[in-house]
Amino acid sequence: MGSNASSRRMQRSRQAARPPMDPATKKRIRRIIIWAVIAAVIVAGVFIVMKLTRNTLSTIEQAVKAPDPAAQFMPVPCSTQMLSVQYSENHTYAGSEVSFPITLTNAKGEQPCTIDANYNNIEVQVVTGDVHVWDSRSCKAGRESLPLLLDKGLSHDQQVVWPGTVTGEDCQGKDAAQPGTYRARLLVLGEQVGEELVFELPQAPPPEPES
């Protein structure tokens, strides 16, 4: 009991000895507390604004990067990387017509594509040895304009016909091609596609005697 009473007397003595806080000091402390609260509110507000801004920018970025569903239906120019090309040859005898059936397919594109399948863009060249025999571009064999719209997976068939003459690179010659081995190559948009076709033109049979 005596110990507790003594402790209380010492505590009251210390409180009595502490000088009272003057009004100016109280005002300064109060101002510091207010400014601390304001600073905390500002920091919290800035953090919230930054987070909202970051989320908004992320949403905008995702919207920009998201593919437009309509874009996959918009036609683009065809390229040889998009097209699958097949061609063959049909012949009879030297000096006669040789046909080259050609099939263009938009097999590798992700969108529809357009191409003008004229004689400038779809070209067949015929050579024998080192001799340029004939080409459909110089001789303008085929259509001057044939615009096509190839949807994904859609094919187009056309045919180029060599009349069987040796015209040279300027398409001026008119001599009939002689029997022998010939090679044909196909160029699409100026680029060779597929392998060369090698074929043999035999001698035409003699005409049947008149009865």
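**Disulfides**

Counting bonded cysteines along the chain, the disulfides of the protein follow the pattern 1-2, 3-4. The model is predicted, so local features need pLDDT of at least 70 and side-chain atom pairs count only at pLDDT 80 or more, while totals for chains, interfaces and linings use all residues. Residues are numbered from 1 along each chain as its sequence is written, and side-chain values use heavy atoms, with hydrogens and water left out.

Me: How many disulfides does the structure hold?
Reply: A disulfide is counted here when a pair of cysteine sulfur atoms lies within 2.5 Å. Cys 78 and Cys 113 have their sulfur atoms 2.0 Å apart, and Cys 139 is joined to Cys 171 with S to S 2.0 Å. The number of disulfides in the structure is two.

Me: How many residues apart in sequence are the parts that Cys 78 and Cys 113 tie together?
Reply: Cys 78 and Cys 113 form a disulfide. Cys 78 lies in the loop between β1 (76-77) and β2 (83-87), whereas Cys 113 belongs to strand β4 (residues 113-116), so the parts they tie together are apart in sequence by 35 residues. Strands are DSSP runs of E with at least two residues, numbered from the N terminus. The separation is thus 35 residues.

Me: Is Cys 171 buried or partly exposed?
Reply: Buried means under 20% relative accessible area, exposed over 50%, and partly exposed in between, with a 1.4 Å probe and protein chains only. The relative accessibility of Cys 171 is 24%, so Cys 171 counts as partly exposed.

Methods. Helix = DSSP H or I, 4+ residues; strand = E, 2+ residues; numbered from the N terminus.
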